[in-house]
Amino acid sequence: MSSSTTSRRGGAPSARALEHARSVFDFGVTALLGVRALEIGPGRVTAELQVRKEHFNRNGRVGGGVLMAMADAMGAAGSVVHRPAGSRGGTTESKTNFFSAARGPVLHGVSIPLHVGRTTSVWQTSLTDSDGRLVAMVIQTQVALPAER
């Protein structure tokens, strides 16, 4: 493995790998929603979302797509920490279970790796509301691909 990533055997990630993982939160829908990374490491990613009226569906609850997008970014960031330097990747599968209506004012997420292999990793993300109630659990598979030529 390159010195700009982490070893799947527990080595510490480089500053560059962590910076690259943190950048997942700076683009696209993740940035638009306002998902904020709190902690990024090889064994855990945490984030939060300050709930705004734009996040609500017509029933006054946080929309399921908002929750799924938050979890997807968290699993992606964790995956990036483990990828070889210069590689790219993405989500190949995602499964969400919704347990309770999410209202806010803040949603919290914790993502942990269930598997980290050479080309895929599987991440489990738990999303809770301000009272600590589990509102959704997402399990997703991320793939690492060679850099584009």
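1. Buried means under 20% relative accessible area, exposed means over 50%, and partly exposed lies in between, with a 1.4 Å probe and protein chains only. By that scale R44 is partly exposed, because its relative accessible area is 36%.

2. This is a predicted model, in which local features need pLDDT of at least 70 and side-chain atom pairs count only at pLDDT 80 or more, while totals for chains, interfaces and linings use all residues. Residues are numbered from 1 along each chain as its sequence is written, and side-chain values use heavy atoms, with hydrogens and water left out.

3. The largest nonpolar core has 27 residues. A nonpolar core here is a set of buried Ala, Val, Leu, Ile, Met, Phe, Trp, Tyr and Cys residues joined through side-chain atoms within 4.5 Å. F25, I40 and L127 have the most contacts inside this core. Two or more residues come from each of β1 (36–41), β2 (44–50), α3 (64–82) and β6 (134–145). Of these elements, α3 gives the most, with 10 residues. Helices (H or I, at least four residues) and strands (E, at least two) are DSSP runs, numbered from the N terminus. In soluble globular proteins, nonpolar side chains tend to be buried together.

4. Which residues does I40 contact, leaving aside its neighbours within four places in sequence? They are L18, A21, R22, F25, V45, A77 and V81. Contact means heavy atoms within 4.5 Å.

5. Helix α3 is largely enclosed by the rest of the structure, because 15 of its 19 residues are buried. Its length can also be checked: at 1.5 Å a residue, α3 should span 27 Å, and its end C-alpha atoms are 28 Å apart, which agrees. The expected span is 1.5 Å times one less than the number of residues in the helix.

6. The structure holds four salt bridges. A salt bridge is a side-chain nitrogen of Lys or Arg within 4 Å of a carboxyl oxygen of Asp or Glu. One of them joins E48 and R36, with the closest N and O atoms 2.6 Å apart. This pair links distant parts of the chain, E48 being in strand β2 and R36 in strand β1, 12 residues apart. E48 counts as buried because its relative accessibility is 12%, whereas R36, at 48%, counts as partly exposed.

7. Another salt bridge pairs E39 with R44, and here the closest N and O atoms are 3.1 Å apart. E39 is partly exposed, at 33% relative accessibility. R133 and D129 also form a salt bridge, at 2.7 Å between the closest N and O atoms. Is D129 buried or exposed? D129 counts as buried, at 3% relative accessibility, while R133 is partly exposed, at 37%.

8. On the surface, I112, L114 and I139 form a nonpolar patch with about 220 Å² of accessible area together. Patches are made of residues with over 30% relative accessible area and no salt bridge, like charges being joined within 9 Å and nonpolar side chains (Val, Leu, Ile, Met, Phe, Trp, Tyr) within 5 Å. Accessible areas come from the Shrake-Rupley method with a 1.4 Å probe, and for residues only the protein chains shown count as cover. L114 lies in strand β4 (residues 106–116) and is partly exposed, at 48%.

9. A cis peptide bond joins G104 and P105, with omega about 10°. P105 sits in the loop between β3 (88–98) and β4.
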